[in-house]
Amino acid sequence: MRKIIVSTMVSLNGVMESPQRWSFDYMNDELIKYASDQLFGSDALIMGRLTYEGFAEAWSSRAGADAFADRMNALPKFVASRTLKEPLTWNATLLKGDIAQAVKELKAQSGQDILQYGAGELTQ
């Protein structure tokens, strides 16, 4: 069974929101390698609506920039949302019905791990 790997940027004092505003100051080669290993060790992404909307805008504009961006853009994405409607862009599929059951079915499929960025309502 595949695992879901949750990757979250959080400060020591518990700040999780808007990591694009503060986390880049702490990037180094070790963290970049770790993030790359996670992304290339997965063959799908799962995310909630807010992460999907932010990532789709940011990453789709970086197509061709580097191997990380190309991998991010190429992977299939599974999105949990009560408000989005199909069709989704950015190689994404809307999860329908019971989200816990949909995630269980994704995990039961063959393949590599499933990577989730962020840790909002979907994780909870």
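In this predicted model, the side chains of Asp 43 and Arg 2 meet in a salt bridge, with 2.5 Å from N to O. The pair joins distant parts of the chain, since Asp 43 belongs to strand β2 and Arg 2 to the segment before β1, 41 residues apart. Arg 2 is buried, at a relative accessible area of 7%, whereas Asp 43 is partly exposed at 23%.

The count of salt bridges comes to six. Another of them links Glu 86 with Lys 96, whose closest N and O atoms are 2.6 Å apart. Here too distant parts of the chain are linked: Glu 86 lies in the loop between β3 and β4, and Lys 96, 10 residues away, in the loop between β4 and α5. Lys 96 counts as exposed at 53% relative accessibility; Glu 86 is partly exposed at 43%. A further bridge, between Glu 53 and Arg 49, has its closest N and O atoms 2.9 Å apart. These two residues are four apart in helix α3, so about one helical turn separates them.

Strand β2 is also part of an open sheet of five strands, ordered β1-β5-β2-β3-β4 with parallel pairing. Because β1 (4–7) and β4 (92–95) stand at the edges with a single partner strand each, one side of each has no neighbour in the sheet. Neighbouring strands are turned by 30° against each other on average, direction ignored. Between β2 (residues 42–48) and β5 (residues 113–117), the parallel pairing runs over three bridges, and Ala 44 stands opposite Ile 114 in β5.

Helix α3 (residues 49–60) packs on this sheet, touching β2, β3, β4 and β5, and its direction makes about 115° with that of β2. Helix α5 (residues 99–108) packs on the sheet as well, touching β1, β2, β3, β4 and β5.

Key: Residues are numbered from 1 along each chain as its sequence is written. This is a predicted model: local features need pLDDT of at least 70, side-chain atom pairs count only at pLDDT 80 or more; totals for chains, interfaces and linings use all residues. Side-chain values use heavy atoms; hydrogens and water are left out. Two strands pair if DSSP finds at least two bridges between them. Axes are lines fitted to C-alpha atoms, for helices over the stretch in contact, and angles run from 0 to 180 degrees between N-to-C directions. Contact means heavy atoms within 4.5 Å. A salt bridge is a side-chain nitrogen of Lys or Arg within 4 Å of a carboxyl oxygen of Asp or Glu. Buried means under 20% relative accessible area, exposed over 50%, partly exposed in between (1.4 Å probe, protein chains only).
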